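Dear colleague,

Please find below the structure that I am handing over to you. I would be grateful if you could read the notes that follow with the coordinates open.

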Amino acid sequence: MKEKPDIIVVGGGPCGSYAAYTAAKLGAEVLVCEEHEEIGAPRHCSGHLSVSSLRRLGLRVPQGAVENEIRGAVFWSPSGKEFVLRCRAPVTYVVNRELFDKSLAELAIKAGVQYRFKSRAKSLIFESGCVRGVSLKGEERVEANVVVDAEGCSSKLLKNTGLHGLRGSMMVKGIQAEVDRVEDVNDDMVEVYFGRNVAPSFFAWIIPRNDGSAKVGLATKVSAEVHGETSCSFQETEKKQNHIHFYPSHTLGWSTPQNVFRWFSCSGRCGFPSETHNRRRRHLWDNMR
Ligand SMILES: Cc1cc2nc3c(=O)[nH]c(=O)nc-3n(C[C@H](O)[C@H](O)[C@H](O)COP(=O)(O)OP(=O)(O)OC[C@H]3O[C@@H](n4cnc5c(N)ncnc54)[C@H](O)[C@@H]3O)c2cc1C
């Protein structure tokens, strides 16, 4: 690579790696700056991805990263009514996000992209009103003609450009646990729960894997303490992992007049029964906290 890349991508998540891969295929020299020491960690996502979207992007999930194939969803209304949508063919994959992210990075690397790890972009470098690169933690400067901001839900660099960044109203808090030995859940259907009592402002989910375990989560604007119930499906479960992260409730992409492109994605799915659904169902959040 030349001393100065054409493009710096900040963030080695799926959006960053895919943007880097696309630009490299078009002939650009691309450097991805990732703050962590490896791609895909720490994990913070259920990895429930639409088959048709992946197809449209021309992406194949590596076989080892597919944890399940899902044919539909059971939606639970706040009053406990059930609505089932089931398709003949799989409509979504449950993927291991760490492996998925790594496979995207490998694709980008094959296309010529370079990655720098433990390289947190602290701020943008401006010259004559245009962005000319980023300052990394530790005061090192890396210059480029274009910066792609793929920081995920953080708005640090975006605010640097004078734009507002993601408003609190566009964010929900996401919490997820991976649990074992889930009962009463179809292994090829996700469950999605709505309602003030269980998932105020967004929804909760159960995403089964094909080995009897599941990813169980909640995205909401309020703290987890208000969620007093959980499914009897989890009575015998063992919590394997917890992830807490912010979650943009909108999909956005825009460019600023200053050579900065901002991109992130979000998608949704799945759940918990509310109090009104079933009094027998107990509190998972105690376990998740
Ligand atoms: C609990 C939970 C469950 C979710 N489940 C799903 C799901 O099933 N399906 C789905 O489609 N979406 C889901 N999402 C949303 C999904 O995780 C995000 O939409 C997706 O990860 C966004 O990808 P991204 O590349 O924009 O950001 P991220 O995946 O967040 O990647 C951003 C990367 O940038 C790095 N970074 C950030 N700032 C800097 C910086 N200043 N310098 C250098 N590096 C930086 C980070 O370390 C990270 O690697 C979920 C979110 C949560 C919280």
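The notes below begin with the whole chain and then turn to individual elements and residues.

Please bear in mind that this is a predicted model. The secondary structure of the protein consists of five helices and 19 strands. The protein has 289 residues, of which 42% count as buried. Among contacts with a separation of 6 or more, 73% are between residues 24 or more positions apart.

Helix α3 covers residues 97-110 and has 14 residues. Just after the helix, G112 adopts a positive phi of about 105°.

How do α1 and α3 pack, in angle and in distance between their axes? The angle is about 20°, and the axes are 8 Å apart. The two helices are therefore roughly parallel, an angle under 35 degrees being the criterion. Their crossing is left-handed. On the α1 side the contact is made by P14, S17, Y18, A20, Y21 and A24, while α3 contributes D101, L104, A105, L107 and A108.

Three strands form an open sheet in the order β9-β10-β11, and their pairing is antiparallel. The edge strands are β9 (121-127) and β11 (141-143), each of which pairs on one side only. From one strand to the next the twist averages 35°. Strand β10 (residues 130-136) runs antiparallel to β9 and is joined to it by six bridges. Within this pair, F126 stands opposite V131, and E127 has C130 as its bridge partner.

The hairpin of β9 and β10 has two residues between the strands. S128 is exposed, because 5 other C-beta atoms lie within 10 Å, and the limit for exposed is 12 or fewer.

Individual loop residues

Is E151 buried or exposed? E151 lies in the loop between β12 (146-149) and α4 (156-160), and it is buried, with 22 other C-beta atoms within 10 Å; the threshold for buried is 20 or more. Apart from neighbours within four places in sequence, E151 is in contact with V10, G11, K156 and L157. E151 and C15 are 136 residues apart in sequence, yet their C-alpha atoms are 8.8 Å apart in space.

R181 is located in the loop between β13 (171-179) and β14 (189-195). Although R181 is not a glycine, its phi is positive, at about 50°. R181 is partly exposed, with 14 other C-beta atoms within 10 Å.

Finally, the peptide bond from A41 to P42 is cis, with omega near -5°. P42 belongs to the loop between β2 (30-33) and β3 (48-50).

With kind regards

Terms used: Residues are numbered from 1 along each chain as its sequence is written. This is a predicted model: local features need pLDDT of at least 70, side-chain atom pairs count only at pLDDT 80 or more; totals for chains, interfaces and linings use all residues. Helices (H or I, at least four residues) and strands (E, at least two) are DSSP runs, numbered from the N terminus. The expected span of a helix is 1.5 Å times one less than its number of residues. Two strands pair if DSSP finds at least two bridges between them. Axes are lines fitted to C-alpha atoms, for helices over the stretch in contact, and angles run from 0 to 180 degrees between N-to-C directions. Angles under 35 degrees count as roughly parallel, over 145 as roughly antiparallel, 65 to 115 as roughly perpendicular and the rest as oblique. A crossing is left-handed if the near helix is turned anticlockwise from the far one by less than a right angle, and right-handed if clockwise. Two residues are in contact if their C-beta atoms, placed from the backbone, lie within 7 Å.
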